[in-house]
Amino acid sequence: MYKVTGTDPSGRTLAFACGTDEQALEKTWELAGRGFRNISVADPKGREMSAIAFERSLDLDYD
């Protein structure tokens, strides 16, 4: 399970559970669009990284 955390515009830190890396990536995009700051993702092994680092680690092909 992936855990996505972020700070909402009012300053509260919220966490969201996602079953797959794709769901976690979509959640980071959603939170960024809603004005969340300090978005990070913890992978199933417990490694925590920023949303940008997580997206890069997926090695997606945007073609």
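I looked up the surface: the protein chain exposes about 4300 Å² (Shrake-Rupley method, 1.4 Å probe). Carbon and sulfur atoms supply 49% of that area.

I noted the ground rules. This is a predicted model, where local features need pLDDT of at least 70 and side-chain atom pairs count only at pLDDT 80 or more, while totals for chains, interfaces and linings use all residues. Residues are numbered from 1 along each chain as its sequence is written, and side-chain values use heavy atoms, leaving out hydrogens and water.

Next, the fold. Along the sequence the pattern reads β-β-α-β-β-α.

Then I went inside. The largest nonpolar core has 13 residues. Such a core is a set of buried Ala, Val, Leu, Ile, Met, Phe, Trp, Tyr and Cys residues joined through side-chain atoms within 4.5 Å. H1 gives the largest share of this core, 3 residues.

I checked Tyr-2, one of the residues with the most contacts inside the core. Beyond its neighbours within four places in sequence, its contacts (heavy atoms within 4.5 Å) include Phe-16, Ala-24, Val-41 and Phe-54.

Last, Asn-38 in strand E3. Most residues other than glycine have a negative phi. Asn-38 has a positive phi of about 50°. Is Asn-38 buried or exposed? Asn-38 is exposed (over 50%), at 61% relative accessible area.

Conventions. Buried means under 20% relative accessible area, exposed over 50%, partly exposed in between (1.4 Å probe, protein chains only). Helices (H or I, at least four residues) and strands (E, at least two) are DSSP runs, numbered from the N terminus.
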